[in-house]
Amino acid sequence: MQVWFEIPLWKRIMLALVLGVVVGAIWGEGAQSIRWIGDVFIRLIQMVVVPLVFITIVAGIVSMGDPHKLGSLGIKTLAIYMLTTGLAISIGLILAVVIQPGAGVDLSGADPGTIQEAMPLGERLMSIVPSNPIAALAEGNILAVIFFALLFGVGILTVGKQADPLAHLMEAGSSVMLKLTHWVMEVAPFGVFALIAWVAGTQGAAALLQVVALALTVTLGCFIHVIVVHGSLMRFVLNLNPLDFFKGAKNAMLVAFSTSSSSATLPVSMSVAETNLGIKPVVASTVLPIGATINMDGSALYVGIVSVFAAQAFGVDLTFMDYLLVAASTTLVSIGTAAVPGASIFLMAAVMETIGLNPTQIALVVGFVLPFDRPLDMMRTAVNVTGDLSVATAVARWENEFDEDMFTNRFNQAGENQGRGGQKE
């Protein structure tokens, strides 16, 4: 056991990923029998998500000392999230036009998929304001929890000395929740192994062979967005080493890849942000929960590519205005995408309708991509989480809530101790 805990956590997770693929490929459908281990891991993470988000946001606002600073932080956060989403869509559309993954594809053999109607944007925005904060906490409505936590934190600041006991309670609670997250992460290698073995055994890489061009287009788009967009943000905008960023973010990226859920990965993202990337709690506790709910770069890229793929498969000629319409509608749809596995596949309908596809054609596309959606969902979720951490790093640096020494030196000096005894992430 001592040898196990001496291995850095990210290496244990990576080993679990590789072993999971091997075992799943050999075991096949039998890998279903160990899926429960992965489900337990996801439930453990979900267990800490809501209290972690609420308590850390309140504690972060209290640590600001000035509620006016929240406005500056929020504007910068939303602006850069929208910018990176726009870049992701542009990359996806350009690749889809150049590679043409839908050219010559016959969808006649696909079984129509069930289409879940996307939540209208107005309804999504309305749900941000909870009619019952306790119910929002119980239901895990993250946007509503964020809204109430923001008001609660500002209320503590406004009351002042009289609310000091509550402020200290929230600060102590934040430390406790982060410690719980460290403990839960010690289960990660086993949960990741079970989830990957299940995916490889039941769906696996073989499913991707049915649509190689589409899968390669999505994969290439994800890599370009992560390396070029976020790497350039680090290097040319923030004047930081991109390698330091990716090293610091790797634990969250690996968990996102295995769980396919930005929301489930949130505790890990917040942990690596504060312990690896030098992002102060005041930024990590506000920017990351918002990103987990509205920043869907990978999902936006995917929906854009599949929409163009569908148009090519059905012979629909798209004009420049059609591409702009796809970009705009995808941006709005991505904001309403739930941070859970496979959610974006059911939200394609809203985008494909804008380019003239009828319900039958849309159902065929959904049925065609559904069998191999899980492997691609894993990749785009990793892109989403990487974007959350990248934006949080940028906002922290601009708001002077950033520890550059930790960002540049922590991995080199202490990274090899990550995960030992559950003390470091």
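The rings of Phe148 and Phe152 are tilted, because their centres are 5.9 Å apart and their planes stand at 35°. Rings of Phe, Tyr and Trp (its six-membered ring) are paired if their centres lie within 6.5 Å, and planes under 30 degrees apart count as stacked, over 60 as edge-to-face and the rest as tilted. The structure described is a predicted model, in which local features need pLDDT of at least 70 and side-chain atom pairs count only at pLDDT 80 or more, whereas totals for chains, interfaces and linings use all residues. Residues are numbered from 1 along each chain as its sequence is written, and side-chain values use heavy atoms, with hydrogens and water left out.

Phe148 and Phe152 both belong to helix α7, where they are 4 residues apart, about one turn of the helix. Helices (H or I, at least four residues) and strands (E, at least two) are DSSP runs, numbered from the N terminus. An α-helix has 3.6 residues a turn, so residues three or four places apart point the same way. Phe152 is partly exposed, with a relative accessible area of 27%. By the ring criterion, the count comes to 5 aromatic pairs. One of these is stacked: the ring centres of Phe54 and Phe148 are 5.9 Å apart, with the planes at 15°. Since Phe54 lies in helix α3 and Phe148 in helix α7 (residues 142-159), this pair ties together parts that are 94 residues apart in sequence. Phe54 is buried, at a relative accessible area of 12%. Phe54, Phe148 and Phe152 form one aromatic cluster.

Salt bridges were considered next. The structure holds 5 of them, each defined as a side-chain nitrogen of Lys or Arg within 4 Å of a carboxyl oxygen of Asp or Glu. Among them, Arg12 and Glu186 meet through their side chains at 2.9 Å, N to O. Arg12 lies in helix α2 (residues 9-27) and Glu186 in the loop between α8 (164-185) and α9 (188-202), so the pair ties together parts that are 174 residues apart in sequence. Both residues of this pair, Arg12 and Glu186, are buried. A salt bridge also joins the side chains of Arg35 and Asp39 (3.7 Å, N to O). These two residues are separated by about one helical turn because they are 4 residues apart in helix α3 (residues 35-64). Arg35 is partly exposed, with a relative accessible area of 30%, and Asp39 is likewise partly exposed, at 30%.

On the surface, Ile94, Val97, Val98, Ile99 and Leu220 form a nonpolar patch with about 430 Å² of accessible area together. Patches are made of residues with over 30% relative accessible area and no salt bridge, like charges being joined within 9 Å and nonpolar side chains (Val, Leu, Ile, Met, Phe, Trp, Tyr) within 5 Å; accessible areas come from the Shrake-Rupley method with a 1.4 Å probe, and for residues only the protein chains shown count as cover. Helix α4 (residues 68-99) gives the most to this patch, with 4 residues. Val97 is placed in helix α4 and is partly exposed, with a relative accessible area of 37%.

Note on methods
Buried means under 20% relative accessible area, exposed over 50%, partly exposed in between (1.4 Å probe, protein chains only).
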